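Trainee: Could you take me through the features of a protein model one at a time, giving the general idea before the particular case?

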Amino acid sequence: MNKSKKFIYLISPNKIKNNKFFKDLKEIFKTKKISYFQLRLKKENPIKIIFYGKKIKKLCKKYKVKLIINDFPLLAKKINADGCHLGQTDISINKARKIIKNKIIGLTCHNSIKLIKNAIDNGADYVALGAFYKSKTKKVKYKARIKLLKQVKKLTKVAIVAIGGIKFSNYKKLLLNNANFLAISDYVWNNKKYTPVDAIKKLK
């Protein structure tokens with residue numbers, strides 16, 4: 001999990017509307033810049049999530065991208081995803097571990113050293129920190145500062161995923177300050193200037 005050109009942790013749009021999404025995703029994966037893809041459909045029913053998940057899993061396998069399912073370890077198991085991502089109000093890492101065994105489990109830890117230490121003690125594979133910048137994907141309740149990345153790096157070798165409003169104008173600062181991966185969504189899917197694949201290509 002060292003820094004590499006594959007530092008992008010891509011998060012799905014809030015809604016998958018049509019086949020254009022799958023075409024865009026394929027083109028994005030072809031750039032070989034994506035390490036993780038998180039399927040995050042908060043308002044979708046489980047059957048739809050499984051349907052999309054299995055379709056995306058095939059693409060992920062082909063392009064060597066790890067598929068992470070947001071919130072639902074049981075769905076991650078059914079999709080045979082590479083892991084799941086948990087928020088602080090979801091089930092515990094220990095319970096999720098019983099469901100998906102040795103697959104990847106990531107945990108949102110906001111800006112709290114206490115939550116980060118708990119995550120590490122409970123065996124999280126990565127911690128997601130932020131929001132570092134204003135985000136359109138979700139309302140920012142917790143603001144994280146760059147110095148948090150340096151503090152966490154001293155604590156652990158667990159991978160750090162930076163989240164929140166990351167785009168072309170600010171992404172380098174996070175990489176230069178010890179973020180292993182950058183979680184990106186709105187900059188790719190809702191960019192008024194660039195297509196999804198062109199938005200990704202700008203991040204070098």
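This is a predicted model: local features need pLDDT of at least 70, side-chain atom pairs count only at pLDDT 80 or more; totals for chains, interfaces and linings use all residues.

Trainee: How many salt bridges does the model have?

Mentor: The general idea is that side chains of opposite charge can pair when their charged atoms come close. In this model the count comes to five salt bridges, and we can look at some of them in turn.

Trainee: Which residue meets Lys-30 in a salt bridge, and why is the pair about one helical turn apart?

Mentor: An α-helix has 3.6 residues a turn, so residues three or four places apart point the same way. Here the side chain of Lys-30 meets that of Glu-27, with 3.4 Å from N to O, and because the two residues are three apart in helix H1, about one helical turn separates them. Lys-30 is partly exposed, with a relative accessible area of 42%, and Glu-27 also counts as partly exposed, at 37%.

Trainee: Which parts of the chain are tied together by the salt bridge between Lys-57 and Asp-82?

Mentor: In the salt bridge of Lys-57 with Asp-82, the closest N and O atoms are 3.6 Å apart. Lys-57 belongs to helix H2, whereas Asp-82 sits in the loop between helix H3 (73-79) and strand S4 (83-86), so the pair ties together parts that are 25 residues apart in sequence. Lys-57 counts as buried because its relative accessibility is 16%, while Asp-82, at 21%, counts as partly exposed.

Trainee: Where do Arg-97 and Asp-125 lie?

Mentor: The side chains of Arg-97 and Asp-125 meet in a salt bridge of 3.2 Å, taken from N to O. This pair links distant parts of the chain, with Arg-97 in helix H4 (residues 93-100) and Asp-125 in the loop between H5 and S6, 28 residues away. Arg-97 counts as partly exposed at 24% relative accessibility, and Asp-125 counts as partly exposed at 29%.

Trainee: Now for burial: does Asp-24 count as buried or exposed, and why?

Mentor: To judge this we need a cut-off, since buried means under 20% relative accessible area and exposed means over 50%. Asp-24, which lies in helix H1 (residues 19-30), has 17% relative accessibility and therefore counts as buried. The side chain of Asp-24 is also joined to that of Lys-20 by a polar contact of 2.7 Å.

Trainee: What can you say of Asn-70, and where does it lie?

Mentor: Asn-70 lies in strand S3 (residues 66-70), and because its relative accessibility is 7%, Asn-70 counts as buried. Its side chain makes a polar contact of 3.3 Å with the side chain of Asp-71.

Trainee: Where is the cis peptide bond?

Mentor: For a peptide bond, the angle to read is omega. A cis peptide bond joins Gly-130 and Ala-131, with omega of about 15°, and Ala-131 is placed in the loop between strand S6 (126-130) and H6.

Trainee: What caps the N-terminal end of helix H5?

Mentor: To read a cap, we look at the atoms beside the end of the helix. Ser-112 caps the N-terminal end of H5 (residues 113-121), with a side-chain oxygen 3.3 Å from the backbone nitrogen of Lys-114. Just after H5, Gly-123 takes a positive phi of about 85°.

Trainee: Finally, which residues gather in a patch of positive charge?

Mentor: Lys-134, Lys-143, Arg-145 and Lys-147 gather in such a patch on the surface. Lys-147 has its place in helix H6 (residues 146-155), and Lys-147 counts as exposed because its relative accessibility is 56%.

Technical notes: Residues are numbered from 1 along each chain as its sequence is written. Side-chain values use heavy atoms; hydrogens and water are left out. Patches are made of residues with over 30% relative accessible area and no salt bridge: like charges are joined within 9 Å, nonpolar side chains (Val, Leu, Ile, Met, Phe, Trp, Tyr) within 5 Å. Accessible areas come from the Shrake-Rupley method with a 1.4 Å probe; for residues, only the protein chains shown count as cover. A salt bridge is a side-chain nitrogen of Lys or Arg within 4 Å of a carboxyl oxygen of Asp or Glu. Lys and Arg count as positive and Asp and Glu as negative; His and the chain ends are not counted. The place of a charge is taken as NZ of Lys, CZ of Arg, CG of Asp or CD of Glu. Helices (H or I, at least four residues) and strands (E, at least two) are DSSP runs, numbered from the N terminus. Buried means under 20% relative accessible area, exposed over 50%, partly exposed in between (1.4 Å probe, protein chains only). A polar contact is a pair of N or O atoms within 3.5 Å; within protein, one must be able to donate a hydrogen and the other to accept it, and residues adjacent in sequence count only if both atoms are side-chain atoms.
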